[in-house]
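Please keep the structure open beside the text as you read.

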Amino acid sequence: MKEIYLDNSATTKVLEEVARAVFDTMTLHFGNPSSLHRKGIEAEKIMQEARENIAKALGASPKEIYFTSGGTESNNWAVKGAAYARRRKGNHLITTAIEHPSVLETFAALEREGFSVTYLQVDREGFIDLNQLKEALTPETILVSIMYVNNEVGTIEPIQGAAQIIKASSNALFHVDAVQAFAKIPLVSKLEGIDLLSLSGHKIYGPKGIGALFVRDKVSIAPLLHGGGQETGQRSGTENLPGIAGFGKAAKICIDNLEKWHSQMVQLKERLMKGILDNIPDTVLNGPVSGAPHILNISFLGTRGEILLHALESKNIYVSTGSACSSHKSGNSHVLKAMGKSEEEQDGAIRFSLSPFLSMEDIDYTIEVLADEVREIRKLMRR
Ligand SMILES: Cc1ncc(COP(=O)(O)O)c(C=O)c1O
């Protein structure tokens, strides 16, 4: 039976061209970029090309791109690195209530170290309020961290507006977790007003365990990893060359196809959203109608997300109940809770995350299966 993969915000299938680049760096160009001989120089060249591809995709300079082990490390490094580097300038940090755990838990760790954190609240669609941001900024504020696209509901936050407010009324650094935005939606031109930006390879058809942090030129943050001085001394450790080569290749392919894939996903999402909301009773959209094109979150009232997930799995359709990284934990989503969703809405929530490699037939089949499974689960749960 055909598999329909609707969990692309958890991770994506690696493109064949990307896998080939990874294979070649493992078997042919396997040198250490720090080695002085030809094999090292060859590896260094591959790394430089990947750095250029990612920089170009962001409108940044290659020297502003630092490779990391993924989105989690990039977020940890940006937030802790900025807080530690600026601790003498102030003690106050700002983030939002709906960040990914790799941001929220890092702020919680900093709170335990004595920093004070303001958590911006969101409305029913998951948007932050720029007036609340303005009011939260104080002369003590050294860092603001806001995600670009929410991984559970697809809300695109007003990053440009936030950057303008932060830069006009404070000296704080601005960090953006762009893991779900990069190469999926067009970003703020030249990352204007953004000092730090996190990326991850496996969300864009690249390998797992590779990511990057954009650090604006002349912005200084404290390194977290000390050692051999790789990445100009900012992030030590022998570089993950296969990951880097794959990430660079994936970024180039995604950016070259951004417009086309974006419009394909908009159409797929619209069909899925309308198909569910119009044909299955007691369903509620979580997030804005026009959020990111690859993320759709819907509550099927009177069901439990986890039961529905497994019912769909039995038909080879793969979805998520929320953020994959936290879905092993018990309890409901902190994002839906922050959006003021009821317990019933939280319990029955399913996240569908799309790729341009799905067909309209896949979507129609999914809607059909969903209608049947939801009816069955509701019957069982009423007993
Ligand atoms: C918004 C967001 N930030 C950060 C991460 C973590 O990225 P990684 O899996 O590369 O550590 C994820 C992964 O789900 C995410 O969705």
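This is a predicted model: local features need pLDDT of at least 70, side-chain atom pairs count only at pLDDT 80 or more; totals for chains, interfaces and linings use all residues.

Residues are numbered from 1 along each chain as its sequence is written, and side-chain values use heavy atoms, with hydrogens and water left out.

**The mixed sheet**

Let us start with the seven strands that form an open sheet of mixed pairing, in the order β2-β8-β7-β6-β5-β3-β4. Its edge strands, each pairing on one side only, are β2 (65-68) and β4 (116-120). On average, neighbouring strands of this sheet are turned by 20° against each other, direction ignored. Helix α2 (residues 38-58) packs on the sheet, where it touches β2, β7 (196-200) and β8 (211-215), and its direction makes about 115° with that of β2. Contact here means heavy atoms within 4.5 Å. Axes are lines fitted to C-alpha atoms, for helices over the stretch in contact, and angles run from 0 to 180 degrees between N-to-C directions.

Helices (H or I, at least four residues) and strands (E, at least two) are DSSP runs, numbered from the N terminus. Two strands pair if DSSP finds at least two bridges between them. Strands β3 (residues 92-96) and β5 (residues 141-147) pair in the parallel sense over three bridges, and L93 has L143 in β5 as its bridge partner.

**The ligand site**

Next comes the ligand, with 15 residues around it, of which G71, T72, D177, S200 and K203 come nearest. A residue counts as near if one of its heavy atoms lies within 4 Å. Helix α3 (residues 71-85) gives the largest share of this shell, three residues. The table lists polar contacts (N or O pairs within 3.5 Å).

| Residue | Protein atom | Ligand atom | Distance |
|---|---|---|---|
| G71 | polar backbone atom | oxygen | 2.8 Å |
| T72 | polar side-chain atom | oxygen | 2.6 Å |
| D177 | side-chain N or O atom | nitrogen | 2.7 Å |

On its own the ligand has 400 Å² of accessible area, and the protein covers 90% of this; such areas come from the Shrake-Rupley method with a 1.4 Å probe.

**The antiparallel sheet**

Finally, three strands form an open antiparallel sheet in the order β9-β10-β12. Here β9 (283-286) and β12 (349-353) are the edge strands, and neighbouring strands are turned by 30° against each other on average, direction ignored. Strand β10 (residues 295-300) is joined to β12 by five bridges, with S299 bridged to A349 in β12.

Conventions: A polar contact is a pair of N or O atoms within 3.5 Å; within protein, one must be able to donate a hydrogen and the other to accept it, and residues adjacent in sequence count only if both atoms are side-chain atoms.
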